[in-house]
Amino acid sequence: MSQPVLALGAWLKNRVCWVDGDAVHWSAVHGHLRDVTACVALEASARELVRLHGMPQAIAHDLHPDFHSTRLAHELAAEWGVPAIGVQHHHAHVAGVMAEFGCGGSVIGLALDGLGLGTDGTVWGGELLRVNPQGFERLGHLWPLALPGGDVAAREPWRMLASALHAMGRGDEIVGHAQSTVGKSSARMIQNLLARGLLSPMTTSAGRWFDAAAAALGLAPRQQAEAEAAIALETTAAHFMDEIPANRTRAVELRKGAFDVLDLRPLIAELLAWDGGERAVPEAAAWFHQALADGLSDWAANAADRAGCSTVVLSGGCFFNDLLKRRVQLQLTLRGLRVLWPQSHSCGDAGIALGQAWVAARQLPLLRKSEEDVVCA
């Protein structure tokens, strides 16, 4: 049965996708939805895709209620008499790969990116999920960090290093580390925000851990462009061509609880203590990538063993990092697992609409049945 779905994409790198079975039609990338031009282009693209390919039976959108794409989804759904279905951001990242490869069973999904609203109302971004066509389960996440000052922390990696120090119980070191970059007054202000828990929402974002690691090595304490610090860290690591010293054994730690929490604080502690002469920064950056990738691989492989899954999906903007992706893929393959990542679309937010549509198409029959049950009751 044909179930065409129109998906309105993410907040960043917004792009619309019309999907019906194997037929997939994309709009151009509109950019950031804080830009009114992008918002106008989004609506124009949505209407044009429907004009070209037909009326959808549902409109998929992000869970965040304040995104323009969410408001537009509800407006168009009301206009066209179809349901609007919200899809969690990281669920959509993994689902897009499942759509591309026709996965019909359960997979373990490793979704690493900057941010996305979780089902618990907090900011997710370093997620271990079990996903199947019926839905998803959050199995674990990265150790959460505060965002001191809110969204601005994503543009100023020195704040994320301060946050990591606070999370390590070393908040008294924040001023010493940051004052040469931002001045004592700004450093002390962030130290106080973290100590008092003010204006500091928590996030499990993998992107913010990359920011903290870059800042620990003195790379891009302030960013002029998205992911500048993470790219600088990867580029620096790529310059280190030797073997990582065998005595560098400290790595991530897995903490069990309601969710498996991968604790990256030991990585930052090791970077801050690194002493290697002229090669110190490239060597430390390379070690960080290797230790992080090995920790992520073990985390996902153990989850796959427990869940009886043979496939692991990698998605989210952090997998633009080729060093990280290749190491994780290698380690998981050596454990006998099938590893998939996006091939036909972006692993970042520009490709997320495909996953939104795939999830909504599978929720649509359940939604209809629920409505029928209400009518019959």
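The following exercises, with worked solutions, concern a predicted model.

**Exercise 1. The surroundings of H93**

Determine in which helix H93 is found, whether H93 is buried or exposed, and which residues H93 touches.

Solution. 
1. Locate the residue: H93 belongs to helix α3, which covers residues 89-101.
2. Consider its accessibility: the relative accessible area of H93 is 3%. Buried means under 20%, so H93 is classed as buried.
3. List the contacts, leaving aside residues up to four places away in sequence: H93 touches D113, S315, G316, C347, G348, D349 and I352.

**Exercise 2. Salt bridges**

Give the count of salt bridges, and describe the pairs E137 with R130, R306 with D260, and R335 with D305.

Solution. 
1. Apply the cut-off of 4 Å between a side-chain nitrogen of Lys or Arg and a carboxyl oxygen of Asp or Glu. The count is 20 salt bridges.
2. Take E137 and R130: their closest N and O atoms are 2.3 Å apart. E137 is partly exposed at 37% relative accessible area, and R130 is partly exposed at 29%.
3. Take R306 and D260: their side chains form a salt bridge of 2.8 Å, N to O. R306 lies in helix α10 (residues 280-307) and D260 in strand β12 (residues 260-263), so this pair ties together parts that are 46 residues apart in sequence. D260 is buried, its relative accessible area being 7%.
4. Take R335 and D305: the closest N and O atoms of this salt bridge are 3.8 Å apart. Because R335 lies in the loop between α11 (322-334) and β14 (338-340) while D305 lies in helix α10, the pair ties together parts that are 30 residues apart in sequence. R335 is partly exposed at 41%, whereas D305 is exposed at 55%.

**Exercise 3. A network**

Identify which residues are linked with E253 in a network of salt bridges.

Solution. 
1. The network links E253 with R255, D263 and R265.

How values were computed
Residues numbered from 1 in each chain as written. Predicted model: local features only at pLDDT ≥ 70, side-chain atom pairs only at ≥ 80, totals over all residues. Heavy atoms only, no water. Helix = DSSP H or I, 4+ residues; strand = E, 2+ residues; numbered from the N terminus. Buried < 20%, exposed > 50% of the residue type's maximum accessible area, 1.4 Å probe, protein only. Contact = heavy atoms within 4.5 Å.
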